[in-house]
Amino acid sequence: MPMYQPSGARRVGDLKFDVGGGGQVLDLETAVKDGILGGGGGLVCDVVAAKKLDLKKMIEELESIEIPSVFICPISLEPMQDPVTLCTGQTYERSNILKWFSLGHYTCPTTMQELWDDSVTPNKTLHQLIHSWFSQKYSAMKKRSEDVQGRALEILETLKKVKGQARVQALKELRQVVTAHSSAKNTVVDNGGTALISSLLGPFTSHAVGSEAIGTLVHLDLSTESKNSLMQPAKISLMVDMLNEGSIETKINCTKLIDVLMEGKDLESEIASSLSLVVGLLRLIRDKRHSKGVLPGLSLLKTICSHESVRSSVVSVGTVPQLVELLPSLNHECLELALHILEVLSTVEEGREALRCCAKTIPSVVGLLMKVSETCTQLALSILWAVCKLAPEECASVAVEAGLAAKLLLVIQSGCNPTLKQRAAELLKLCSLNYTTTTFISKCKLTRTIQ
């Protein structure tokens, strides 16, 4: 269990605290009034009124704020909801100290003193103070939330009236509000804000307006109706244009929004068949100055490639060699996405041919076997199988030289799933067809692997 190391003497049972090296001892109320416990402005909430608020709920909603250490249970390091005091004067959350006792410990967790009395006494005063402190913070948070919601409504009303630069400024403020406050997001959605912002997008929308509008929409929960509205060709065309020409933030927002719009769509969407979109995504993914665009870019490209009818078109703009080039530099999450895309593209003839023609395909993919994750190994094996099956004599020898056989033996001997092992065995057999047994073993340097 985590142990709390007190910074100075304190006796919670007596409700007095040593607040520093000066030896000054304060009671709880004075500590709050003076701001030592974060009371702020000397306000202590009325206890009777505070009891109307659920302490557990307040603690959960205020988890990100700094909490006075005196309110923290030394065992769990979480705020106390039912503080009890031991005979040593130390205070703990009731459930935590009872669990401590149930494990056979009859000492005070903080001081490690043996207990001469194992009874626990409810610390009602501290409980009231905790409740009052959280009530004050909770009320202040709710007040700020109401102010934010009110401001969001004002901005929506403004957007109905203004144009030009004033519209850009209003959208910019709205984007900032919904990005920072979840309550503002709900207010915008519940008051028709999604439809209003969507209506501002069209063939004659400036990129300044479009950038702020999309930056807002990407943070909202979009209904099916809202998604259908945003799928209109003119709106999609604007998003694709901004993906190719906007700032890095705009490109990422456009990518994320288009991905949301395509999610779960069975229809062969015009979005998926847009080569301009694919080209823009490849630029975003390959932008070495801004690595934060790689993950959303690959995510959308994966969604696009799920449409079988557009895979050949995706290959035609040079997707395969560009992704293969990136493989060594990608983190694990992005690597799985990139391999998934290449594996899907290998299901079409053009994709297999592009993989075969790229000199780095086999060495790069072989290097990923048994290196990152079982998923990556599975995808890599599928890609290698497609390429080697296409041109066994040419590709199998390149794969063998790249160390494929030794990697395949590792897969076969590992704890991977049976299907993966079977695929590895089939690929190993395919690679060995052009060699005698002795030559194959020497070529693959298998002696050390077998030993």
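**Labels and their cut-offs**

Guide: Start with helix α9 (residues 207-217): 9 of its 11 residues are buried, so the rest of the structure largely encloses it. The model is predicted, so local features need pLDDT of at least 70, side-chain atom pairs count only at pLDDT 80 or more, and totals for chains, interfaces and linings use all residues. Residues are numbered from 1 along each chain as its sequence is written, and side-chain values use heavy atoms, with hydrogens and water left out.

Visitor: What makes a residue buried, exposed or partly exposed?

Guide: Buried means under 20% relative accessible area, exposed means over 50%, and partly exposed lies in between (1.4 Å probe, protein chains only).

Visitor: Which residues of α9 are buried?

Guide: They are Val209, Gly210, Ser211, Glu212, Ala213, Ile214, Gly215, Thr216 and Leu217. These buried residues pack against α6, α8 (193-199), α10 (224-230), α11 (233-245) and α12. Contact here means heavy atoms within 4.5 Å.

Visitor: What counts as a helix or a strand?

Guide: Both are DSSP runs, numbered from the N terminus: helices are H or I with at least four residues, strands are E with at least two. By that rule the protein chain has 25 helices and 6 strands.

Visitor: Why is Thr255 called buried?

Guide: Its relative accessible area is 0%. The cut-off is under 20%, so the label holds. Thr255 is found in helix α12 (residues 248-262). Leaving out residues up to four places away in sequence, Thr255 touches Leu243, Leu281, Leu284, Pro296, Gly297 and Leu300.

Visitor: Which backbone oxygen does the side chain of Thr255 reach?

Guide: That of Lys251, at 2.8 Å. A polar contact is a pair of N or O atoms within 3.5 Å; within protein, one must be able to donate a hydrogen and the other to accept it, and residues adjacent in sequence count only if both atoms are side-chain atoms.

Visitor: Why is the pair Arg151 and Glu173 called a salt bridge?

Guide: The rule asks for a side-chain nitrogen of Lys or Arg within 4 Å of a carboxyl oxygen of Asp or Glu. The closest N and O atoms of Arg151 and Glu173 are 2.7 Å apart, so the pair qualifies. The pair links distant parts of the chain: Arg151 sits in helix α5 (residues 124-159), Glu173 in helix α6 (residues 164-180), 22 residues apart. Arg151, at 32% relative accessibility, is partly exposed. Glu173 is partly exposed too, at 29%. Arg151, Glu154 and Glu173 are linked in a network of salt bridges.

Visitor: How many salt bridges does the rule give?

Guide: The count comes to 9.

Visitor: How do you know that Asp287 and Arg289 form a salt bridge, and is each buried or exposed?

Guide: Their side chains meet at 3.3 Å, N to O. That is within 4 Å, so the name applies. Asp287 is buried, with a relative accessible area of 13%. Arg289 is exposed, at 70%.

Visitor: What separates Glu353 and Arg356 along their helix?

Guide: About one helical turn, because they are 3 residues apart in helix α18 (residues 349-357). An α-helix has 3.6 residues a turn, so residues three or four places apart point the same way. The side chains of Glu353 and Arg356 meet in a salt bridge at 2.4 Å, N to O. Glu353 is partly exposed at 32%, and Arg356 is partly exposed at 24%.
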